[in-house]
Amino acid sequence: MFQENWTSVTAFFFLGFSHYPKVEVIIFVLCLLMYLSTVLGNIILISITVLDSHLHTPMYFFLSNLSFLDIWYTSSALTPMLANFISGKNTISFSGCASQMYFSLAMGATECVLLSMMAYDRYVAICNPLRYPLIMNKKVCVQIAAGSWVTGCLAALVETVPVLQLSLCGNNIINHFTCEILAILKLACVDTSVVQLIMLAISVFLLPMPMLLICISYAFILSNILRISSVDGRSKAFSTCAAHLTVVILFYGTALSMYLKPSAVNSQEIDKFMALVYAGLTPMLNPIIYSLRNKEVKVAVKKLLIRNTFRNVFISTLKY
């Protein structure tokens, strides 16, 4: 059914950054470094939170979910682009394009919900510290994480299905480096107002509404932090929240500029570079931000390094 509606298009061709031949290789190298850094950094962060029992808390449970999500998010957007650059084909199959569009939307939507839930977790931890273990128990945390994933996947499905039903009239050249939904819409030769209305409704649900929840949470958090008499306690609270706020600003800033910009602003080239920011740069920076701003993560890393060093020395001694 979908294949028929896409008017027998079996493959798509990416223009990517072909308009910038002099910097195309530089962009490829930067994307490769971002992808490798994202995968390595987030795997390390997940490993630390799993191996160190002191990090078995709701905050690090959600952080592990975010890291896992970022790995898939970056992989769905950048891996095909990197593979196409190496092969020189710049093509993707119909099913591959549909899958890439869905998974990119699903991961992005899930991150929107998850970041707002992480803000709620910080609100409970700082504003209701005595009730925090009771409110954010293991069952609740699993339900919140599962709810975030289900919401993101369903929202992506609602957006993807109508797009796959549009007629493209043989247009198969995508002015992008990935099957980004806005770039696909430009290929349609029929009225897309209904699809755009659906996208607008979901974008409002996933962007301004979670942002409002985050702002309300941090308004209460800031009010409580300012009442903390202990300098160390205030510093720790600020440090923990600053890391999350930095990630929120990076992610929501680029997402809002992409999906809720005025219709008069229509620059495909700007969209490409914005896509690189939220699909490559932000996931790469997340583990760095949380590591640099978090003393508990630093201590856990040092413990693991010392433990591995002693283990290696012990094994070497036994061999001799």
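A disulfide is a pair of cysteine sulfur atoms within 2.5 Å. This is a predicted model, where local features need pLDDT of at least 70 and side-chain atom pairs count only at pLDDT 80 or more, while totals for chains, interfaces and linings use all residues. Residues are numbered from 1 along each chain as its sequence is written, and side-chain values use heavy atoms, with hydrogens and water left out.

**Stop one: the disulfide.** Select Cys97 and Cys179: their sulfur atoms sit 2.1 Å apart and form a disulfide. The structure holds one disulfide. Its S-S torsion is about -125 degrees, so this disulfide is left-handed. Cys97 lies in helix 4 (residues 94–127) and Cys179 in the loop between strand 3 (173–174) and helix 7 (181–185), so the pair ties together parts 82 residues apart in sequence. (Helices, H or I with at least four residues, and strands, E with at least two, are DSSP runs numbered from the N terminus.)

**Stop three: helix 2.** Now select residues 24–51, helix 2, alongside helix 3 (residues 58–87): their axes come within 9 Å and cross at roughly 155 degrees. So helix 2 is roughly antiparallel to helix 3.

**Last stop: helix 6.** Select residues 138–164: helix 6 has 27 residues and reaches 39 Å from first C-alpha to last, close to the 39 Å expected at 1.5 Å a residue. (The expected span is 1.5 Å times one less than the number of residues.) At the start of helix 6, zoom in on Asn137, where a side-chain oxygen reaches to within 3.1 Å of the backbone nitrogen of Lys139.

Methods:
Polar contact = N/O pair within 3.5 Å; in protein donor to acceptor, adjacent residues only side chain to side chain. Axes fitted to C-alpha atoms, helices over the stretch in contact; angles between N-to-C directions. Parallel < 35°, antiparallel > 145°, perpendicular 65-115°, else oblique.
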